[in-house]
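The sequence and structure come before the details.

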Amino acid sequence: MAPHFIGRQQKVEDISRVLTSTSAYVVSVSGPPGFGKTSLAIAVGHQLRQLGVPVYFLSLRSVKTTEELISDLLNTFAYTSSDLTGQERSKLCELLSAIPSNICIILDNADDLFQSSGETSQDVLELLEKIFSHCKNVSFLLTTRTSLQSVLGRKFGDHMSVSVASLDRKLSQMLVQELFPAADESECCRVAEVCGDVPLAIKLLCGQIVDERKSASQFLDHFSCSSTPVAELLDDPYAPNDQRLKVLFESYFKRLSREEQEAFACLSVFVSEVFDEKAAVKIIGGDEDTAKKTLLGLRRKYLIEGNSSEPVLFSFHPVIRSFGSEKAAVDMKEIACDAEMRFLSYYVKLCEDLNNQFLAGNSMLAFHDFEFNRENMVYSLSEGLQNEAVCDAIFDVLSDADLFLDTVFFCKFCWMFDRIYNLAIAKAKQQRKFKAVHQLLISKAVTEITWVDGTTLTLLNEADEIEKQNPFLTSEVAMGKRMCYHGIHLLRCKAAAKGGEILETGISLLGPENTVLK
């Protein structure tokens, strides 16, 4: 169950009943930021699992197109076949319909897919319609800030729309009491009133009260005196909820210690929604024990969220994350810049380590860890090319990790492989680092090595030209790798004699580090 989940149990029961009473159903949950949409979706997911319904949770915060949604769904259901080629929607329907039970898919933060009811929105509706027509065992639960009643209602007559409002005062007081057990009834009422009965605002304010070890009345008296504009806004029932939360966050941020402020700004550089303790400690920097204590302090104050089943995993509420990013960009640029550098270095090195695991035979563990860190790693390997301090390290990793990356990006994310290598090759050419260009061209060639009409031969020929023009620049091992890929490609194209000869020569030039290729 979502932590501190109060006041929505009836909605959980209603949604669960709908999702289990009929097949091919869609429910949408909408509400302002901080009101508990994701918590409600998580609670529904737990309830369905207790009823024996498999639940799949996807956060769509960075998903903006139908193609990306389909790719994430295929990845969720571990699709790894090689015959996708333009039939993603049909293949997705085949996979879902083959599941021998009713399932529920939760699409959290789906706002970008339904923005302004544009072309993407229509495309998503058509995808859902196709899934429902082929898969009688699938239900969807979507969360968005704005209501999808008019969008989904026209397409799906049995669509259920649920609006998440602020808590009523009694439930708000119960939440305050749970978060701050020492508060009396009048103090609970006062905190709830100041926060406008918004769950996230209540968590933030209670976190401040607990941290300062004062009574709620003492804290609120001081809060009102020292932050008159803040108090006025928070007491204004007509103030926009996101503005109310922003002002509350500003007040909270000022009360953090300098170490906590800097750590919070550092953590805002994460690209993924979820991050682990080891990565967080590295990105915060400094003494490891101090960083861990600061991390736990931020969790205790509800600025980051912990995972009850995985204590070393953390996440940001999207609203708090946006505040943190703004702080990092405006008020703590130098701190954020240093954190970005540590972030890029950490994930480039992690990619190198996972490739070494893969080459050593621990491929499943390497695949698992890459998938968990995929968003951060892809960002580091692509956007990190703009950072001169890590650029050469990225060239080296991409040159060595082609077989590993081709495997983890196979089919579902092959466009990521192409994009990363295209960016790296362009950057290396711009810097006139022809040794890196040579190695990257060869590494990129592997992705279409079995295609008769792919780009493999063009890339290898370009690498061969660099060898001829710079005979002392390229290594024998790199030449051997190029020849191996060329030979394999020719064998696939049924030029067995020539391919076998080139392959044999290439293998003789490889070093001990090329065990997998050999």
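## A buried aspartate

Aspartate 276 is buried but has no salt bridge, and lysine 278, the nearest side chain of opposite charge, is 7.5 Å away. Buried means under 20% relative accessible area with a 1.4 Å probe, protein chains only (exposed is over 50%, partly exposed in between). A salt bridge is a side-chain nitrogen of Lys or Arg within 4 Å of a carboxyl oxygen of Asp or Glu; Lys and Arg count as positive, Asp and Glu as negative, and His and the chain ends are not counted.

The model is predicted: local features need pLDDT of at least 70 and side-chain atom pairs pLDDT 80 or more, while totals for chains, interfaces and linings use all residues. Residues are numbered from 1 along each chain as its sequence is written, and side-chain values use heavy atoms, leaving out hydrogens and water.

## Surroundings of aspartate 276

The side chain of aspartate 276 reaches two backbone nitrogens: that of lysine 278 at 3.1 Å and that of alanine 279 at 2.7 Å.

Leaving aside residues up to four places away in sequence, aspartate 276 touches Val312, Leu313, Tyr346, Phe372 and Asn373 (contact: heavy atoms within 4.5 Å).

## The aromatic cluster

Phe275, Phe316 and Tyr346 are among the members of one aromatic cluster. Rings of Phe, Tyr and Trp (its six-membered ring) pair if their centres lie within 6.5 Å; planes under 30 degrees apart are stacked, over 60 edge-to-face, the rest tilted.

Phenylalanine 275 counts as buried because its relative accessibility is 1%; for phenylalanine 316, also buried, the value is 3%.

Technical notes: Polar contact = N/O pair within 3.5 Å; in protein donor to acceptor, adjacent residues only side chain to side chain.
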